[in-house]
Amino acid sequence: MALSIVHRATGIALYAGTLLLVWWLVAAASGHTAYATVQAFTGSIIGRLIVFGYTWALMHHMLSGIRHLVWDLGYGFKANEREALTWGALIGGIVLTILIWIIAYAIGGVR
Amino acid sequence: MSAPDTPKRSMRTPLGRVRNLGAAHSGTSDFWRQRITAVAMTLLMLPVIVVVMMTLGSNQAGAKVVLGSLPIAVIMLLFILASTWHMKIGMQVVIEDYVHNEKLKLISVMLNNFFSIAVALAATYAIIKISSGV
């Protein structure tokens with residue numbers, strides 16, 4: 001499986017995505033208007049798509065990274081183990097992303 | 001006297017020429033820090049997600065109350081430190097893999113440092129400003 005390039009791609013996406021995190025924190029430190037601007041953006045369709053994509057990139061990169069840590073420790077090199085780790089990262093990333101968004105909607109934060 | 005075509009001899013041994021030019025013994029530091037920050041972020045991920053969720057649906061005043069609490073500020077600061085360090089190392093690996101023009105590589109690595117440090121400081125300053133209520 002060519003998942004290592006996905007690990008790299010999500011890493012690059014998260015690199016750019018930190019701007020969103022900084023924007024949010026700086027706006028929270030700045031004032032009401034700045035924060036409302038961030039909320040208007042993250043509440044828009046485009047904003048939600050970006051934050052959803054960011055959530056997935058984060059979850060996938062984390063699980064895929066754990067896979068690499070397992071390999072660093074010298075485990076998981078058998079063919080079936082490699083397959084399991086790869087599919088685990090792929091499916092796990094999607095499941096965690098959806099779970100996070102369900103919880104976010106459930107607590108009523110996302111309107 | 002020596003024959004005119006005898007090459008000039010040096011008393012320096014090969015060891016003298018290579019001494020201090022070898023490994024700096026820090027070649028694996030980025031590799032190691034990449035892993036430290038990765039493990040740190042994995043541990044911090046759940047708390048950070050909870051913090052973000054706590055701020056959902058509230059305005060700036062509410063977000064300030066959440067982000068200004070001491071344990072939450074520390075969690076966010078740790079996450080910012082780990083993530084910016086991690087992304088700086090990761091992007092440098094990508095640059096070194098794909099950018100082969102030396103000047104362009106140098107500029108890219110430098111800009112990567114600037115960006116990562118700017119992100120780290122801006123986010124850190126924001127957290128501290130919120131916490132100190134300035």
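Select Leu44(B) to begin. In this predicted model, Leu44(B) counts as partly exposed, because it has 19 C-beta neighbours inside 10 Å, while a buried residue needs 20 or more. Leu44(B) is part of helix H2 of chain B, residues 29-55. Now show what surrounds Leu44(B). Leaving out residues up to four places away in sequence, Leu44(B) touches Ile75(B), Leu78(B), Phe79(B) and Ala82(B). Met11(B) and Leu44(B) are 33 residues apart in sequence, and their C-alpha atoms are 59 Å apart in space.

Next, stay in chain B and select helices H3 (60-68) and H5 (residues 102-132). The axes of H3(B) and H5(B) are 8 Å apart, and the two helices pack at an angle of about 100°. H3(B) is therefore roughly perpendicular to H5(B). To see where H3(B) and H5(B) meet, pick out Lys64(B), Leu67(B) and Gly68(B) on H3(B), then Ile127(B), Ile130(B) and Ser131(B) on H5(B). Sorted by class, this contact has three nonpolar, two polar and one charged residues.

Now colour by chain and look at the place where chain A touches chain B. Chain A gives 28 residues to the contact, and chain B gives 25 residues. On the chain A side, the elements that give two or more residues are helices H1 (3-30), H2 (32-43), H3 (45-72) and H4 (79-106). Which helix gives the largest share of that side? H1(A) does, with 12 residues. By class, the side of chain A that touches chain B has 18 nonpolar, seven polar and three charged residues.

From here, select H2(A). Its end C-alpha atoms are 16 Å apart, and this agrees with the 16 Å that its 12 residues should span at 1.5 Å a residue. Show the side chains of Tyr35(A), Val38(A) and Gln39(A), which are buried. Looking down the axis of H2(A), you will find its buried residues within an arc of 100°, so they line one face of the helix. The face of H2(A) turned away from the buried side carries Thr33(A) and Ala40(A), both exposed. What covers the buried residues of H2(A)? The cover includes H1 of chain A and also H3 of chain B, the helix from the second stop.

The axes of H2(A) and H3(A) cross at roughly 80° and come within 4 Å. H2(A) and H3(A) are therefore roughly perpendicular to each other. Zoom in on Phe41(A), Thr42(A) and Gly43(A) in H2(A), which meet Gly47(A), Arg48(A) and Val51(A) in H3(A). By class, the contact of H2(A) with H3(A) has two nonpolar, three polar and one charged residues.

The last stop is H4(A). H4(A) has 28 residues and reaches 40 Å from its first C-alpha to its last, close to the 40 Å expected at 1.5 Å a residue. Select Leu85(A), Ala89(A) and Gly93(A), the buried residues of H4(A). These buried residues pack against H1 and H3 of chain A.

How values were computed:
Residues are numbered from 1 along each chain as its sequence is written. Chains are lettered from A and ligands numbered from 1 in the order in which they are written. This is a predicted model: local features need pLDDT of at least 70, side-chain atom pairs count only at pLDDT 80 or more; totals for chains, interfaces and linings use all residues. Two residues are in contact if their C-beta atoms, placed from the backbone, lie within 7 Å. Ala, Val, Leu, Ile, Met, Phe, Trp, Tyr, Cys and Pro count as nonpolar, Asp, Glu, Lys and Arg as charged, and the others, Gly among them, as polar. The expected span of a helix is 1.5 Å times one less than its number of residues. A residue is buried if 20 or more other C-beta atoms lie within 10 Å of its own, exposed if 12 or fewer, and partly exposed in between; C-beta atoms are placed from the backbone. The arc is that of the directions from the helix axis to the C-beta atoms. Axes are lines fitted to C-alpha atoms, for helices over the stretch in contact, and angles run from 0 to 180 degrees between N-to-C directions. Angles under 35 degrees count as roughly parallel, over 145 as roughly antiparallel, 65 to 115 as roughly perpendicular and the rest as oblique.
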